[in-house]
Amino acid sequence: MTSNMLFEPYTLGAIQLSNRIVMAPLTRNRAGPGLVPGDLTAEYYAQRASAGLVIAEATQVSQQAQGYQDTPGIYTRDQIEGWRKVTAAVHAKGGRMVLQLWHVGRVSHVDLQPDGGQPVAPSAIRADTKTFVNNAFVDVSQPRALEIDELAGIVDDFRQAASNAIAAGFDGVEVHGANGYLLEQFAKDGANIRTDAYGGSVENRARLMLEVTAAVAQEIGPDRTGIRISPVSPANGIACSDPQAQYDYIVDQLEALGIAYIHVVEGATGGPRDIAPFDYGSLRRRFSKTYIANNGYDLGLATAHLSEGKADLIAFGRPFIANPDFVERLRSSAPLAEIDPTTLYGGGAAGYTDYPRLTQAPGT
Ligand SMILES: Cc1cc2nc3c(=O)[nH]c(=O)nc-3n(C[C@H](O)[C@H](O)[C@H](O)COP(=O)(O)O)c2cc1C
């Protein structure tokens, strides 16, 4: 046992956490018909409810926002009802849960889009990345550039989705501003060559991400709103020529919005933390509320960064997949189980709800 800041309670905006360990959002492609999360999903998250905060997997705000098969939505009545069972199961175990709101932008495929149309993007630049549709990994489709008069509708989709998330019992929402999806596509000049008010300068490229976040905060309260960003991550084939200037500006504006947290993927998502030079301390200093750090953390690095004041909360992704009792294992420095990579995306209970706890109580 260790007395470590990781296991201390923490107040995240309007949400009381029992510890500083966050379950990072993890797409598992197991939504049922109508892209509704089912009972298995409720069981999966309830098994992991000892995290101080569970961030539910990326969830599309509209059909246009979907990029992979069998990812859940939060734009129909049935989806809200499905999520309500999930949040109830997590709350029954004393957990806290926010929903990650997602628009994939160009990382999609015509087979998923309304009327088989092209995926949408800031500019008509195809990403060098794959998506998973029709049970296969395939190249993403050629996107079309969004018209400027379509952007207000996308902001409104996020606003409505945030309202739906609260109706579904979530404690808050996380805007997905990371990993090469729509809001990051606007923010990074490798994907955005627009010449209107949403392209070009640092301010213009940040505009959609900030408008979405402001709309969400206004809808559900800034103290229940967070955002995930990944300043230097090349995830989903994206690049940015000026990440420090861009994200210093974004975080200054997020500070002005008064939202509860920024969730920063440090380095390449799921890859090297030092892929490119970046001063995360600059973001930390610009933002007075909660800084959640993610990417490649283990017990030692998490403990060090908390005690050095580099972060308030630490989000862990992959360890939560194979270790439903990850918090308890950290607490006792117990060994961690390894992921089965073949069951990550799609399927049923195998590799989802059947990873055992270290000490399985009789009859459970
Ligand atoms: C199976 C899988 C699914 C993921 N799904 C999401 C997601 O839905 N949203 C997101 O922002 N990041 C997603 N990520 C990235 C993780 O949240 C996290 O940033 C990454 O795994 C690095 O953290 P870790 O080193 O603690 O695993 C996913 C990663 C994996 C392995």
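Predicted model: local features only at pLDDT ≥ 70, side-chain atom pairs only at ≥ 80, totals over all residues.

Q: What makes a residue part of the lining of the largest pocket, and which residues lie nearest its centre?
A: A lining residue must have an atom within 4 Å of a pocket point. The lining has 36 residues, and Pro25, Leu26, Asn179, Thr269 and Tyr345 lie nearest the centre. By element, α9 (318-322) supplies at least two lining residues, as do β5 (97-102) and β14 (313-316); α9 gives the most, with three.

Q: Why are β7 and β8 called paired strands?
A: Pairing needs at least two bridges, and β7 (residues 130-133) and β8 (residues 136-139) have four, so they count as an antiparallel pair. One of these bridges joins valine 133 to alanine 136. Two residues sit between the strands of this hairpin, and asparagine 134 takes a positive phi near 50°.

Q: What makes a set of residues a nonpolar core, and how many residues has the largest one?
A: Its members must be buried and joined through side-chain atoms within 4.5 Å. The largest such core has 80 residues, with Tyr45 and Leu283 making the most contacts inside it. Helix α5 (residues 202-220) contributes the largest share, nine residues. A second, separate core has 14 residues, including Tyr10, Leu17, Val22 and Ala260.

Q: Which residues does leucine 283 touch?
A: Leaving out residues up to four places away in sequence, its contacts include Ile229, Pro231, Tyr247, Phe278 and Tyr291.

Conventions. Residues numbered from 1 in each chain as written. Heavy atoms only, no water. Buried < 20%, exposed > 50% of the residue type's maximum accessible area, 1.4 Å probe, protein only. Contact = heavy atoms within 4.5 Å. 1 Å grid on protein atoms, 1.4 Å probe; cavity = no way out; pocket = protein on both sides within 12 Å on 5 of 7 lines; lining within 4 Å.
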